[in-house]
Amino acid sequence: MNPDVVTKLIPAYGGVIDIDGFILKIGPGCLAKDTEITLIKHHDRDFAIKSLLDLGLLEAVPRVVQFLPVGSKFLRPADLTIRFENTVSDCEPFILHGSYRHDYQRIVWELVTNGIKVNNVERVVNAKINGFSFYSLISARGVMTLPRILSHLNRSFTCRAYPLYRRLSTTDPLEISVVIFSEFVGENKEEDIQQLKDLLDQGYVKGERGVLKRVHTNRRLGISLHFPGVENVPFWFDIDEPQLDSVGFVIDHFHEVSVKSPARGKVKISEVDRKDENESLWSMHVREMEEKFRVEETKVIDSASNPEPKVVYSDTKLTKGEITRMSCGVGFDWDSLGGLMDIPYSDREEIRVDNLNYPGISSKAKKAFELLNDNPFFDRHILVKYFKELGRHDLEEKMLPVDQDGSEEVKPPPTPPALTEEDLLRTRLSAREMSRLGRCIGQWEQLAGLMNIPRADIDELRYSLIYQDNRAQAEKILSIFNNMEGFSREKLARCLEEIQRLDLVQPVKTGEWRNL
């Protein structure tokens, strides 16, 4: 007799069958006739749990039992009782239901929510089930971890991608890498993702940020370059799930791309079975900045006509040389940096759309740094803090070192006036708040609809070439709402709750992101 299989004929009036602590109680009226029921115990090798154990999302191997015959339904819900052991004090038991999906060619897992009752004294969890399929008991640290666990079990993640590039000089080939990471890794601060930090520290520059997309990690993906004169040969790869959901997964296949500077093109990533070009997961722009190769030349000119100070204090204004170096390296992050420094959105919008006076990214960044320099409360330490918040540690290296032994008195930065809770809820979002919220919001179109942004404005923004990524588009939507007559933080908080961004509700209601 196979200890992993139990078969029993259950009469129409009901009965009980069990295996490995899974007890199925079938009451009268559940079956139309006498039915042979089989329970099969499955082992961990049959399911994708290695990454869950590697990342510490599960403390123990879950138990999985399959109920046969497949696809059969009860006429009324039956009772499933599963025994569990409390091995970790802060973990809770959850029952998962798995069914085979022909469109995915695999088992898809979902949380069982019908009639759940947990008895910690008897160490059992009960549920009402409607039919025959896979059932599993897992032990997790609260319900908030379940979406992440289900992503691993279903091998299906919502992900974002970043292309990064560098070129040591105009005569050197272009190097391109792409970092892909799950929504769970980037949901707080993308700048903390290890692989992004490492590449930026090595001198790479971010390209266009890819939008959030659903990625099936059991399928092969292909990456290809679409640049003038570059042969389009896809590189196929498999995603490492523990890396994807922790430090970020890197594709660094393209080390020597022979393309003239400044390079303009796209990096495309698609699933192996997607033939239509329009169905790519990501199609991300890379726009190399030609100005960055002129930094050394500019440094020589600046050093002759604008000598840099020998001693730099925290309140010493940025020199022309520093502004030039940082402007050439900051890329599209100039806008986020300006927001964090509380440069009004209207001022940054004017810079963004004025291509006559500010034709390139570096010239727009230069103007933003000049506005920052004019602030009477300018402080280099605060600027470095925001570099780090954006994950742009490389920009600090372009600044002159601050004298650590100086005794100058630094003017304290202004803090927003204290407001009552009632007054705060009617207070418009600051530029700093909109910048931080814009970097966190992914579903900007859904949010715009909930905030009653006109459909014409949403459509125009979706196809605009001015707002280059989700962050810029989300911040634009926030600025429109910020200027609407019906604005209130309470309404924004309700809209964020609607799109399941509960983590953003408190910063909006309390105004904590107004502060440095």
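Helix 16 is mostly covered, with 12 of its 13 residues buried, where buried means under 20% relative accessible area, exposed over 50% and partly exposed in between, for a 1.4 Å probe and protein chains only. This is a predicted model, in which local features need pLDDT of at least 70, side-chain atom pairs count only at pLDDT 80 or more, and totals for chains, interfaces and linings use all residues. Residues are numbered from 1 along each chain as its sequence is written, and side-chain values use heavy atoms, with hydrogens and water left out.

The buried residues of helix 16 include Ala-474, Ile-477, Leu-478 and Phe-481. Helices (H or I, at least four residues) and strands (E, at least two) are DSSP runs, numbered from the N terminus. The end C-alpha atoms of helix 16 are 18 Å apart, which agrees with the 18 Å that its 13 residues should span at 1.5 Å a residue; the expected span is 1.5 Å times one less than the number of residues.

Helix 8 (residues 345–353) packs against helix 16 (residues 470–482) at an angle of about 130 degrees, and the axes are 12 Å apart. Helix 8 is therefore oblique to helix 16; angles under 35 degrees count as roughly parallel, over 145 as roughly antiparallel, 65 to 115 as roughly perpendicular and the rest as oblique. Axes are lines fitted to C-alpha atoms, for helices over the stretch in contact, and angles run from 0 to 180 degrees between N-to-C directions. In this pair, Tyr-345, Arg-348 and Glu-349 of helix 8 meet Glu-475, Lys-476 and Ser-479 of helix 16, contact meaning heavy atoms within 4.5 Å.

Helix 8 is also among the elements that cover the buried residues of helix 9, which include helix 6 (320–330), helix 7 (333–340) and helix 10 (380–389). Those buried residues are Ser-362, Lys-364, Ala-365, Ala-368, Phe-369, Leu-372 and Asn-373.

Most residues other than glycine have a negative phi, and most peptide bonds are trans.

| Feature | Value | Loop |
|---|---|---|
| Leu-68 to Pro-69, cis | omega near 10 degrees | Pro-69: strand 5 (63–68) to strand 6 (73–83) |
| Ser-261 to Pro-262, cis | omega near 0 degrees | Pro-262: strand 18 (249–257) to strand 19 (264–271) |
| Gln-500, positive phi | about 65 degrees | helix 17 (489–498) to helix 18 (505–510) |

Arg-155 is partly exposed, at a relative accessible area of 28%, whereas Gln-500 counts as exposed at 61%.
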